[in-house]
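I wanted a quick tour of the side-chain contacts in this model. These are my notes, in the order I looked things up.

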Amino acid sequence: MEILPYDEVDPDAVVWLNRLGLGYEFPTSSLRKVRRVDPRLAKEFAWYAVEGGRPVSQVGYLLYPVRTAEGREIVGVPEAVCSLPGASGRGHARALMEHVHSRLREHGARFSFLTTSRFRGAYRLYRSLGYEDLVRIRVAYGRLRGAVVPGLRVRKAVGRDAAAFHRAFAAHTRDALGFTERPRNFVAIRTAWEDVKPGEIWTLSSRGHVVGYAWCERKNPTHVREFVATDGNPLAWARTLAAGHDVSIVLSPRAAPGPYQTAGLRVAESWSVLMVKDLLARTKTQEIRVLFGVDAGRFESLAFDLW
């Protein structure tokens with residue numbers, strides 16, 4: 001087995017690896033666009049376990065700026081971990097993860113974050129590599145009680161909304177720690193990855209002014225993955241987005257469950273979890289929680305940041 005970067009393997013074979021390993025359609029043309037627009041990407045994009053000239057396993061990674069109690073720093077975020085079915089269970093993903101950890105240390109990162117589902121086999125792999133649960137993602141779901149507030153408007157997002165979206169996010173995370181820094185064109189970056197559809201991004205307006213955005217599938221049930229607004233009660237916006245339908249809302253780590261429960265929703269942990277690993281083996285998990293303000297209610301990581 002060889003470990004090679006993206007530019008040294010067959011790109012068509014990578015497309016098939018993602019189709020078969022992740023069920024993810026990501027053509028080469030889209031990958032070229034992402035490499036142009038996403039500043040968080042490492043220059044090698046991803047690493048591959050190669051057998052017989054063919055990539056059989058993949059681990060990509062990004063370099064995220066975050067805010068801690070000690071200041072700004074860069075962390076690693078492994079993503080798109082997958083193997084061809086016939087190569088699964090042979091240690092390729094473990095070898096690639098360890099290789100990526102080495103690369104992250106070279107970039108000066110002391111922590112690596114990733115998201116996964118606790119029922120997946122990958123969760124056991126990550127635990128064995130030293131990752132620990134940091135935040136279990138919660139969901140509020142059901143039928144919202146209460147009337148829609150007049151004056152709140154929702155429309156499909158357009159390109160000129162990007163600056164207002166960035167201002168809303170900056171205001172939302174001003175006093176937070178964690179994943180609080182994003183490129184100004186963060187919506188365009190995620191749509192370039194093609195896991196966020198342009199029609200799922202909505203502009204929130206109050207009294208004629210853009211005050212935020214939502215990543216939301218407006219159907220029945222309405223699924224709200226992320227929404228940020230600088231004006232108005234979050235539940236009022238949720239009612240406007242749901243338009244009378246059942247709703248599920250991915251909650252921010254800082255969101256208090258009480259108001260959602262009072263409005264008629266259940267709040268429960270999902271299978272999804274944000275995990276963290278100390279790449280330098282110097283900091284205990286509880287110390288990481290303090291550094292990122294997890295138990296103090298200051299840690300933020302929204303859906304656009306969860307891979």
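**Salt bridges**

I began with Asp7 and Arg35, whose side chains meet in a salt bridge with N to O at 2.9 Å. This pair links distant parts of the chain, 28 residues apart: Asp7 is in the loop between strand E1 (2-5) and helix H1 (11-22), and Arg35 is in helix H2 (residues 28-37). For the term, I take a side-chain nitrogen of Lys or Arg within 4 Å of a carboxyl oxygen of Asp or Glu. Helices (H or I, at least four residues) and strands (E, at least two) are DSSP runs, numbered from the N terminus.

I noted the source before going on. This is a predicted model, where local features need pLDDT of at least 70 and side-chain atom pairs count only at pLDDT 80 or more, while totals for chains, interfaces and linings use all residues. Residues are numbered from 1 along each chain as its sequence is written, and side-chain values use heavy atoms, with hydrogens and water left out.

Next I checked accessibility. Buried means under 20% relative accessible area, exposed over 50%, and partly exposed in between (1.4 Å probe, protein chains only). Asp7 counts as exposed because its relative accessibility is 53%. Arg35, at 29%, is partly exposed.

I then looked up Arg103 and Glu44. Their salt bridge has its closest N and O atoms 2.9 Å apart. The pair links distant parts of the chain, with Arg103 in helix H3 (residues 92-106) and Glu44 in strand E2, 59 residues apart. Arg103 is buried at 17%. Glu44 is buried at 7%.

Glu70 and Arg110 came next, with closest N and O atoms 2.7 Å apart in their salt bridge. Glu70 lies in the loop between strand E3 (54-68) and strand E4 (71-83), and Arg110 in the loop between H3 and strand E5 (111-117), so the pair ties together parts 40 residues apart in sequence. Glu70 is exposed at 61%, while Arg110 is partly exposed at 21%.

Which residues do salt bridges with shared partners join into one network? I found Arg118, Asp133, Arg136 and Glu269. The count of salt bridges comes to 23.

**Asp133 and its strand**

I followed Asp133 into strand E6. Asp133 counts as buried because its relative accessibility is 17%. Its side chain makes polar contacts (N or O atoms within 3.5 Å; within protein, one must be able to donate a hydrogen and the other to accept it, and residues adjacent in sequence count only if both atoms are side-chain atoms). One is with the side chain of Tyr123 at 2.9 Å, and another with the side chain of Arg136 at 3.1 Å. Not counting residues up to four places away in sequence, Asp133 touches residues including Arg118, Val273 and Arg289; contact means heavy atoms within 4.5 Å.

I also checked strand pairing, which needs at least two DSSP bridges between the strands. E6 (residues 132-142) runs antiparallel to E13 (residues 265-278) over nine bridges. E6 also pairs with E12 (residues 247-250) in the antiparallel sense, over four bridges. Gly142 has Leu265 as its bridge partner in E13 and Val247 in E12.

**Aromatic rings**

I searched the whole structure and got 19 aromatic pairs. Rings of Phe, Tyr and Trp (its six-membered ring) pair if their centres lie within 6.5 Å; planes under 30 degrees apart count as stacked, over 60 as edge-to-face and the rest as tilted.

Phe45 and Trp193 are stacked, 6.2 Å centre to centre with 20° between the planes. Phe45 lies in strand E2 and Trp193 in helix H6 (residues 186-193), so this pair ties together parts 148 residues apart in sequence. Both Phe45 and Trp193 are buried.

Phe179 and Phe299 are edge-to-face, at 6.4 Å and 85°. Both of these, Phe179 and Phe299, are buried.

Ring pairs link Tyr6, Tyr24, Phe26, Phe45, Tyr48 and Trp193 into a cluster.

I returned to Phe45, which has a positive phi of about 65° although it is not a glycine. Arg207 also has a positive phi, of about 50°, and is not a glycine. Arg207 is exposed at 66%. Last, I logged a cis peptide bond from Asn220 to Pro221, with omega near 0°. Pro221 is in the loop between strand E10 (209-217) and strand E11 (222-229).
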